[in-house]
Amino acid sequence: MNFPNEISGRISFFGMLVIYIVICGIGVSVLLASFDLLIRSHDKRLTGDICSLVTEKMNNSIRYMTGSAENMSAVLSAQGYDDLRELYDALSTDNSGNGYISIGFIDEEGNIYATPTEMSEFEKWRLSDIAELADPVSISAPYRSGMIGQPVFTMFTNYTYGGGKKGYLFLTYPLNEIQKIAYTESLTNDTDIWLMEADSDNIIQCAGSNSYSIGSWNNALLSVRMQINPEYQHDYINWKNKMNEGEKSANITYKIGSETYTQVFAKIDFMHGWYVVVRIPSSSLSSAIQQFRTSVLIFLGILFIATVIMFILSHKRETEEKRILENLSIHDPLTSVMNRRAFDFTAEQYLGKMFKNEASLLFIDVDYFKQVNDKFGHEAGDRILTEFAAALRELFGNEGYISRYGGDEFVVLVRSADKNKVSRQLELLQQKAGDIKPCDDPEEYGDFLLTFSCGAAVFPDDADDLKSLEAGADSALYIVKKNGRNGFGWYINTDETGKRD
């Protein structure tokens with residue numbers, strides 16, 4: 001009687017089940033407890049991601065512009081112009097298609113070659129001081145151009161002329177090219193994206209709910225801080241101080257009226273003192289919260305499925321076997337069927353089940369394979385093995401395990417003991433083998449015909465373990481080869497008197 005073992009097994013199973021339920025309960029409790037925290041941090045994460053993406057796009061765009069400016073300066077420097085006035089007149093006549101709205105020069109004595117409007121803006125915005133910072137490129141803060149009435153920025157790069165004289169080439173670009181980059185990254189119409197100067201609190205609207213405000217200038221002190229609810233004023237000051245101290249990024253959550261906003265800044269590498277600021281209201285993130293709730297439901301569903309699986313104890317061993325197999329190198333690199341190690345493991349596990357499975361083991365040798373290699377070459381031999389393995393997979397892949405034991409030897413464990421069925425499959429394999437050729441040229445392979453020899457044994461009629469089953473199939477294969485190859489035969493079990501069973 002096995003009552004003690006049964007009781008022990010039940011106690012072990014229910015003990016594991018109780019532990020599993022307790023762990024799941026703790027996990028669900030922790031998940032629910034952290035739900036509110038995740039909701040609060042979600043806004044900051046999403047806003048920060050948008051801000052980082054917009055900043056990266058802006059930096060890449062400006063980096064491309066600086067590269068173009070350096071290349072232009074190098075080309076012009078190599079031409080060795082003496083008269084910058086003549087060069088300026090030639091270049092400033094047509095800027096169409098170049099992206100910039102104006103081009104000019106500063107010579108070694110500080111003379112500026114530009115339009116009168118630009119020269120006044122050089123004085124107003126102290127752009128000559130920015131030029132002296134070029135190493136090899138410097139960029140001005142955005143300013144409103146008197147030429148086009150829109151925000152622009154000017155890029156300076158070192159320039160050599162007249163046999164070694166040093167000056168600067170400058171290009172003025174419209175800021176709306178950068179604003180467009182920010183606008184395309186806006187996830188919702190409620191997402192505000194600004195360019196902000198730390199020193200002055202000036203902001204330039206790049207994206208937002210009001211399309212008419214895009215490109216407008218404003219002051220953050222007046223347009224944002226004065227609107228924030230009083231209890232958040234101190235937090236805003238700390239956030240702004242981090243920007244003034246040169247930190248690369250920081251976030252803040254505040255309320256205007258009853259609406260909660262999350263706001264993040266990120267530093268622009270190529271524009272000194274300027275930052276990208278992204279602000280998103282919490283009301284626009286409801287879809288994200290719904291996705292999170294859906295994730296919770298999916299998680300609870302997975303827990304339920306896992307609990308059901310716990311009741312199906314018979315699957316546990318198969319799962320462990322699969323895990324072990326996945327850790328093995330299971331495939332032959334040439335034919336993509338199992339290697340011998342993986343096959344032996346799989347076959348032993350299949351034949352060793354508590355409820356005995358029926359099976360047929362096939363030992364298969366490609367006939368005269370060495371002659372194929374000698375006559376047609378190893379490349380042709382590899383082709384034959386690969387196509388022969390493909391034929392095995394086509395006929396037995398859905399109902400058995402296939403392995404290349406080595407060289408031209410294959411072994412198949414078919415999950416069936418029906419000799420008639422397996423024999424019909426082997427006859428089909430003979431037909432498919434006959435269609436396999438060592439090359440594509442009929443004149444080269446001539447009357448070549450691929451054949452094989454196969455010995456087969458049945459489990460558990462012929463053997464009670466894998467080793468004995470292999471011995472029986474090998475014995476049958478030996479008889480087939482002895483009788484001239486090109487065929488298959490089944491192992492005939494005899495008792496000690498020599499009589500057939």
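Here are a few notes on the structure above, with a focus on its aromatic rings.

1. First, some ground rules. This is a predicted model, so local features need pLDDT of at least 70 and side-chain atom pairs count only at pLDDT 80 or more, while totals for chains, interfaces and linings use all residues. Residues are numbered from 1 along each chain as its sequence is written, and side-chain values use heavy atoms, with hydrogens and water left out.

2. The protein chain has 16 helices and 17 strands (DSSP runs numbered from the N terminus: H or I of at least four residues for helices, E of at least two for strands). Of its 501 residues, 43% count as buried (under 20% relative accessible area with a 1.4 Å probe, protein chains only; over 50% is exposed, in between is partly exposed).

3. Now the rings. There are 18 aromatic pairs (rings of Phe, Tyr and Trp, the last by its six-membered ring, with centres within 6.5 Å; planes under 30 degrees apart are stacked, over 60 edge-to-face, the rest tilted). One of them joins Phe122 and Phe156, edge-to-face at 5.9 Å centre to centre and 90 degrees between the planes. Phe122 sits in helix H4 (residues 116-124) and Phe156 in strand S5 (residues 151-161), 34 residues apart.

4. Are these two buried or exposed? Phe122 is buried, at 5% relative accessible area, and Phe156 is buried too, at 0%.

5. Ring pairs also tie Tyr236, Trp239, Phe265 and Tyr275 into a cluster.

6. Look for charges over rings, too (NZ of Lys or CZ of Arg within 6 Å of the ring centre and within 35 degrees of the ring normal). Arg279 lies over the face of Tyr261, 4.5 Å from the ring centre, and Arg485 lies over Tyr368 at 4.9 Å.
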